[in-house]
Amino acid sequence: MGLLLIYLIYMKKQKKLILKGIAASSGNAQGKAWIIMPNGNLADFKEGDILVTTLTDPTMVTVMIKASAIVTDIGGITSHPAILSREMGIPAVVGTKKATKVIKNGTSILVDGDKGEIYALD
Amino acid sequence: MHWIKRFSKGYYSLFGGNSFEAFQPLDFYHFNPLWYDLWISGVAKAIKKLGLEDKKFSEFEDLIPVPSNTRTILAKLITAYVHCNSSKKAGDFKTVSNLLARTLIEKCPDDPFSENSNPCHDAKEIKKIVGSAAWKDSSIDDAKNIGRLITSAGSLVHGLYNDVVTDFAWEVYGPYKVRYKNSDYTLLIRHFTNLKPSELWPARYMSSVDDIKIYSLYQNIHWEIKAVGCHTISSKGSPVESLKKHSIVVDGRQIGNKKRDKLIEELSHKARDIYRQIKKMNIEQIKYKVLLQECYQLKKLFDAAQMSWKPTNEIIKRVKNKPIPTNFLPHGVVIKNVKDYEKIFGIDTFYKEVLK
């Protein structure tokens, strides 16, 4: 756990801050970002990937429960992605306004759910 | 203090610091003023027919939905009254709103309008729950899987009832300070209910279970519930790391990890499928579904009064092919204080025209 934290801090120092939003569920996670729209293709989403969307809805629940973090364009700390992320113990940044435009599909990102920051790792 | 002021404080605690932009599948706060007055007149007729205003609370408690749902009906009827352009009947709104407020005051006397919590069990009931639950020690993995179960069940509720009447099937009670085996804990009771509304959806979208209760004992975390249970907020601790003991009861029977994991799988797939179906609907189909969902929440009351719970032809005619207004809730604007909330939702107007 300690080594992972040191690694994440190191990665964060190395990489570029690309987006800020509302810190909705604490913790750090890095992984491959998948931009999922309502009724979108969920087949490529793997356990540990990061869900990036406008706002989560129930069409995405099968990937929400596999995600290592969630990032949304809209929503506040009482929005459902925020609440459900906290319940599942995964970081979430909501209300970024433009995550689905700024984050590139399939790229590695780091989500800091304590500060509400997203870093590009590629 | 009049109940509406306390209600206003509780509901502001839900919206304060947030903006309106995420209602699915349609913005019901704008939709409801088209027809809610007709429904409220039906509800008032059922209340009068059953003589509920003169009855003891215990005699009609079972006819009214869970507290969070009751609060959302109040919030909607107030806004619908203020923004309704038809010749609404203030007396009917008074009958219904006063009965719902009385229900909350009697059922949840410690915080009826949920300014910080949703405590609807008395000390004796809590003692019985803590003493009789078959508690299991919770690992981090258990806690994460309980989070996944909440996500799956909550998402199914969002499919079955949308954002429209979510609280009808997703309630959270507490937080309660309790003592168990010489240690102090915070108890939360998450309750998913009405998961088989066969009057609203075909059987293929229905869950195999009707009722899930998740009892959780936490340490080193602060929980708050603002107005509605499904918007439970935690601070000063992680829900996963702070969960110490749990018990999951499905349709009255305690379940283990295997059944829990099966449920996560089943409910998440049902939720996905039902919402995909919703996304295929056109606006007129969605409007009709929303009418059904709204009317369904007081089905027990209508059944008891031997009246049809379904939307009447007059209600359907009011909304059919009518555009949904967009004029009073400022989408994207953050509600900064209770005065903002009261102005937008018409609290003072409702008090002056209906309750005073």
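Tutor: Start with strand pairing: two strands pair if DSSP finds at least two bridges between them. This is a predicted model. In it, Leu188(B) has Ser216(B) in β4(B) as its bridge partner.

Student: How many bridges join β3(B) to β4(B)?

Tutor: There are 7, and the two strands run antiparallel. Strand β3 covers residues 183–192 of chain B, and strand β4 covers residues 212–218.

Student: Over how many bridges do β2(B) and β3(B) pair?

Tutor: Over 9 bridges, in the antiparallel sense. One of the pairs is Tyr180(B) with Ser183(B) in β3(B). The hairpin of β2(B) and β3(B) has 2 residues between the strands. There, Lys181(B) takes a positive phi near 45 degrees.

Student: What should I look for in backbone angles?

Tutor: Look for exceptions. Most residues other than glycine have a negative phi, and most peptide bonds are trans. Lys97(A) has a positive phi, near 75 degrees. Lys97(A) sits in the loop between β6 (92–94) and α4 (99–102) of chain A.

Student: Is Lys97(A) buried or partly exposed?

Tutor: Partly exposed, because it has 14 other C-beta atoms within 10 Å.

Student: Where is Asn162(B), and what is its phi?

Tutor: Asn162(B) lies in the loop between α8 and β2 of chain B. Its phi is positive too, near 55 degrees. With 23 C-beta neighbours inside 10 Å, Asn162(B) counts as buried.

Student: Which residues does a cis peptide bond join?

Tutor: Gly174(B) and Pro175(B), with omega about -10 degrees. Pro175(B) belongs to strand β2 (residues 170–180) of chain B.

Student: How many residues of α8(B) are buried?

Tutor: 18 of the 22 are buried, so α8(B) is largely enclosed by the rest of the structure.

Student: What is the angle between α3 of chain A and α8 of chain B?

Tutor: About 150 degrees, with the axes 7 Å apart. That makes α3(A) roughly antiparallel to α8(B), because angles over 145 degrees count that way. In residue numbers, α3(A) is 80–88 and α8(B) is 140–161.

Student: Which residues meet there?

Tutor: From α3(A) come Leu84(A), Glu87(A) and Met88(A). Among their partners in α8(B) are Lys144(B), Arg148(B) and Ile150(B). The residues of this contact divide into 3 nonpolar, 3 polar and 3 charged.

Student: How many residues of chain A are in contact with chain B?

Tutor: There are 22, and they touch 33 residues of chain B. Helices α2 (61–64) and α3 of chain A each supply at least two residues of the side of chain A that touches chain B. The largest share, 5 residues, comes from α3(A). By type, the residues of that side divide into 10 nonpolar, 9 polar and 3 charged.

How values were computed
Residues are numbered from 1 along each chain as its sequence is written. Chains are lettered from A and ligands numbered from 1 in the order in which they are written. This is a predicted model: local features need pLDDT of at least 70, side-chain atom pairs count only at pLDDT 80 or more; totals for chains, interfaces and linings use all residues. Axes are lines fitted to C-alpha atoms, for helices over the stretch in contact, and angles run from 0 to 180 degrees between N-to-C directions. Helices (H or I, at least four residues) and strands (E, at least two) are DSSP runs, numbered from the N terminus. Angles under 35 degrees count as roughly parallel, over 145 as roughly antiparallel, 65 to 115 as roughly perpendicular and the rest as oblique. Two residues are in contact if their C-beta atoms, placed from the backbone, lie within 7 Å. Ala, Val, Leu, Ile, Met, Phe, Trp, Tyr, Cys and Pro count as nonpolar, Asp, Glu, Lys and Arg as charged, and the others, Gly among them, as polar. A residue is buried if 20 or more other C-beta atoms lie within 10 Å of its own, exposed if 12 or fewer, and partly exposed in between; C-beta atoms are placed from the backbone.
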